[in-house]
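Here are a few friendly notes to read alongside the model. Please keep the view open as you go through the points.

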Amino acid sequence: MGRTKKVKMAGRFGPRYGLRIRRMIVKIEELQKQKYVCKRCGKKAVKRVGTGIWECKACGYKFAGGCYVPTTEAAKMLEQLGR
C-alpha cells in the first residue's frame, strides 16, 4: 500500500470517488471509531457495536444512539425540552 497521509483511512479507496467525499468519510469514521463517555458509569469506554448501537466496554451498558455518534442533535433538543 502507498502513503495515505492526506486522506488517512480513506486511502483504501485509492483515487476513486474524489477528494471531497474521501475527506467527508475520514471525518465520519474518526467520529464513529473513537471512544465516548458512558452515561451510566462515567468511564470513556463506549464504542459502536453496530449501526446506531453503542456499548460501554466497562459496565456493559448497551443503548441506541446516533449512527456515527452516541447522541444526536435531535436527542439533545428533546433532552433540553424535557427539563
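1. Let's begin with one side of a helix. The exposed residues R20 and K27 sit on the face of α1 turned away from its buried side. Here exposed means over 50% relative accessible area, buried under 20%, and partly exposed in between (1.4 Å probe, protein chains only). Helices are DSSP runs of H or I with at least four residues, strands are E runs of at least two, and both are numbered from the N terminus.

2. A word on the source. This is a predicted model, in which local features need pLDDT of at least 70 and side-chain atom pairs count only at pLDDT 80 or more, while totals for chains, interfaces and linings use all residues. Residues are numbered from 1 along each chain as its sequence is written, and side-chain values use heavy atoms, with hydrogens and water left out.

3. Now the other side of α1. Its buried residues are R22, V26, E29 and Q32.

4. Finally, a ring with a charge. The charged end of K39 sits over the ring of F63, 5.8 Å from its centre. The test asks for NZ of Lys or CZ of Arg within 6 Å of the ring centre and within 35 degrees of the ring normal. F63 itself is buried, with a relative accessible area of 14%.
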